[in-house]
Amino acid sequence: MGFLIVQFLTGLSDASGLFLVACGLSLIFGVSRIVNFAHGSFYMVGAYLAYYLIGYLPLGGLSFWASILISGLIVGLIGILVEVLLLKRLYRSPELFLLMGTFGLILVIQDLSRWLFGSEDLLGPRCPGLDGSIDILGTLLPQYDLALIIIALLILLAIWLLLNRTRWGILVRAATEDREMLAALGVNQSLLFTSVFFLGSFLAGLGGALQLPKGGADLLMDLNVIAGAFVVVVVGGMGSILGAYLAALLIGELSAFGVLVLPQSTLVMMFLIMAVVLIIRPYGLFGKGKSGEYEYDEKTSAPIQPASERLKLAGLGLLLLVLLMPLFAGDFQLVLMIEIAILALSSMSLYFMMGPGGMISFGHAVFFGGGAYAAALLVHHLNTPMELALFFAPLLVGLLALIIGWFCVRLSGVYLAMLTLAFAQICWSIVFQWSAFTGGDDGLLSIWPSDWASNRIVFYYLTMTLCIGGILILRHLVFTPFGYTLRACRDSALRVDSIGINLKRHQWFTFALTGFFAGLAGSIYVFSKGSVFPDEMAIPRSFDFLLMVLLGGIEALSGPVIGSAAFIWLHDLISRIHFWQLILGSIFIFLVVAFPRGIAGFLDNRFGRIFSNHIGPRA
Amino acid sequence: MTTILSIHRLSKSFEGIRAVNNISFDLNEGELLAMIGPNGAGKSTCFNLINGQLVPDSGSIVIFGKKINGLKPRHIWRLGVGRTFQITSTFISMTVLENVQMALLSHHGRTLNVVRKVQNLFMDESIELLERVGMADQQDRACGTLAYGDLKRVELAVALANNPKLLLMDEPTAGMGPKERSRLMELTAEIVQTHRIGVLFTEHDMEVVFKHADRIIVLNQGKLVAQGCPEDVRRDTGVQEIYLGREEAARLEKII
Ligand SMILES: Nc1ncnc2c1ncn2[C@@H]1O[C@H](COP(=O)(O)OP(=O)(O)OP(=O)(O)O)[C@@H](O)[C@H]1O
Ligand SMILES: [Mg+2]
């Protein structure tokens, strides 16, 4: 009995921790619709700051709590800085660019923290006066766990009072529920956004500082908590604080008791819960429809035009260069080119879904990694020759995509994106934990091409044929009735429905196509590397693809190719430098501020005339 | 004369507001029926019920002899019902021509085609439709850059793409100048005549209504308060009250 109570309280304490990270994120999203991926980084900075402050503040027993509060405040100020200097410039850009800007922030903060705080994992100090345990019917519970439960409830109460009992709170709620009304009221939106961002960041910093005695501080915290925070926010319904608390509670308790029944469930429990909740309630527990939707920016939606003669010529030149490459390039360059081609195909398939399809995926790695694993498993268990593996793996992934897509197309916007992430995590954890079948963490090794293709140059041509072929097919699709229908669905669900088109069916098939081509890329990838590990399916991999697409720009069809090439080239170039994440992150931030239409969009803007058939402004 | 649309005791409420309250009326082949009423009278809600965007609380909607309660808009469209919206809804990332091509692709069941290029599909038909509404000269412009009145005409071309037998037009002339208005309504009247289709439209410009409508129904606060030929409706004191207020109406009566 005591054990069950303690288990319950442990779950509640975990839930409190989750709520502390998530509440600020939900607040910020509700008001400004910013999907702030850097929220986890703020949390991490809060933890580090508190660690050092506790050591320095000469306040005796009080220094612990004072440090936590001060850390929160400092992080809040950093939040203001970020909002004013960076995000304010991006409110008018497509939401994807905001996403990219906050990705850049993650990288920058990561390296700055390494530099400032060192890369050692820090063990958290104990909380003075609360460092013991309580005996509950024979089972021990740390006192600090109880403190966290109470603090979370107090913070929930404080936010509730702030939102319901102050003028500021009423404005925040108005902004969350009805933005047009807010604009009509003539409120100073800029100030409101900044203050909300301050509060949200403050809460993130506070959360990080508060969990210090439990989890310490390390450089992986940022990404470790951000996924969980998003799950809580989405399950609760974006913008709803009470929803976030209940979602955290649901996740905390189900995880605490789920472990008892099925120990392997820890890694996926929250994603399973999210998948189930989103399938039953497409806008989360307390979410209201629409608020999670990406609205398509008119700037990003100029009509597409077929390639002009000059552009075709340029493409042909590039193709020729690729074909002749083995004549003058060394082994290293060929390997790099192979990688670029594979990732470009995978990015192109993601682009097809995001650009014309208007559906953002945070879990694209499930298709890419899925292709790699499908091929590797076929070879490993069935001794399938490469040719057949390359044929069947993409089909299997296409099937997987049909299953995942069937659920996902019922949602839209951020909710859809998060459901793709949930499925990706579920698949990842299966691969990670089912060692007997997938090799688990050790991966699958010795997956080599057939003899005839094992020569580097032959394999190079094989890869180029498949990847460029795939990219050209995807490109062609954009110009076909199917591609047009997809764009029509993105532009206006209302109009599409009133001219007899089944929107969901077309989006569903898009998932299948995306899965097929990403799976093809993944299966070539595994033969080029000779092995595959669960990382290929994990969240960072999904983010890589997202970054490649964003880097190239969502507007131009050539975007994903340019983006992948630039990404890999940059990565290769600067990963040899010490603080490469800082540089890469700064480049991202610079890019979104300087070229809000992406690189390809910028090139098109600048030099589009040269390649255009038409004279005069583009329609 | 055949009835193509028959509404019987139709009702729909939103959170306590009875937006459409027990309405019944018919629409015949070759008829141009105007639905008028002040803002918030329930006109758009009525349209949304007929084209399946909303599900009625009670009552029945029969189109071409088939009860369509609960069918989705895309299924109702397949029966031959075209629709334009009060707030235009077009594909803004496409050109005028492509918007019409989209409707034709759907009409001909080609939306899953992954081989042909849209560029070469249904060009003549699309241009012909655009010519009918007077937008052929702007066919290559992006819909995102059009004037509001022009968007309305594109919507009409899109709505005509599947040769509808019933056309629902919610404020088709909003955003147009007086000349443009009467030209569009003349065009509509002509289509009604030549193709023997039925049109239900709403309009705030009474001049347009009385000039072009064969018959008028008047809605107020969700209820149908009058119907008949333009002359009868014009003389109806109830209708005058709705539009002019009680005192004004009384004064008007004295003058007459
Ligand atoms: N989706 C909805 N949810 C809640 N209330 C609605 C909804 N749609 C319409 N209403 C309400 O129903 C009533 C009728 O609205 P409707 O749009 O049908 O009027 P209308 O006659 O078309 O007016 P207008 O001339 O301004 O277009 C209004 O009071 C409106 O506020
Ligand atoms: Mg209306």
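The magnesium ion (ligand 2) is coordinated by the OG atom of B:S44 and the OE1 atom of B:Q86, at 1.9 to 2.0 Å. These two residues bring together distant parts of the chain, being 42 residues apart. Keep in mind that this is a predicted model.

**The magnesium donors**
- B:S44 belongs to helix α1 of chain B, while B:Q86 sits in the loop between β6 (81–84) and α3 (96–107) of chain B.
- B:S44 has 23% relative accessibility, so it counts as partly exposed.
- B:Q86 has 32% relative accessibility, and therefore it also counts as partly exposed.

**The shell around ligand 1**
- Both magnesium donors, B:S44 and B:Q86, are also among the residues that surround ligand 1.
- Sorted by class, the shell holds 7 polar, 3 nonpolar and 2 charged residues.

**Polar contacts of ligand 1**
- B:T45 places a polar side-chain atom 2.5 Å from an oxygen atom of ligand 1.
- In the side chain of B:K43, an N or O atom is 2.8 Å from an oxygen atom of the ligand.
- B:A41 takes part through its backbone, where an N or O atom lies 3.1 Å from an oxygen atom of ligand 1.
- On its own, ligand 1 has 630 Å² of accessible area, and the protein covers 64% of that.

Conventions: Residues are numbered from 1 along each chain as its sequence is written. Chains are lettered from A and ligands numbered from 1 in the order in which they are written. This is a predicted model: local features need pLDDT of at least 70, side-chain atom pairs count only at pLDDT 80 or more; totals for chains, interfaces and linings use all residues. Side-chain values use heavy atoms; hydrogens and water are left out. A residue is near a molecule or strand if one of its heavy atoms lies within 4 Å of it. A polar contact is a pair of N or O atoms within 3.5 Å; within protein, one must be able to donate a hydrogen and the other to accept it, and residues adjacent in sequence count only if both atoms are side-chain atoms. Accessible areas come from the Shrake-Rupley method with a 1.4 Å probe; for residues, only the protein chains shown count as cover. Ala, Val, Leu, Ile, Met, Phe, Trp, Tyr, Cys and Pro count as nonpolar, Asp, Glu, Lys and Arg as charged, and the others, Gly among them, as polar. Donors are N, O and S atoms within 2.8 Å of the metal (3.2 Å for Na, K and Ca); water is not among the atoms, so sites may look incomplete. Helices (H or I, at least four residues) and strands (E, at least two) are DSSP runs, numbered from the N terminus. Buried means under 20% relative accessible area, exposed over 50%, partly exposed in between (1.4 Å probe, protein chains only).
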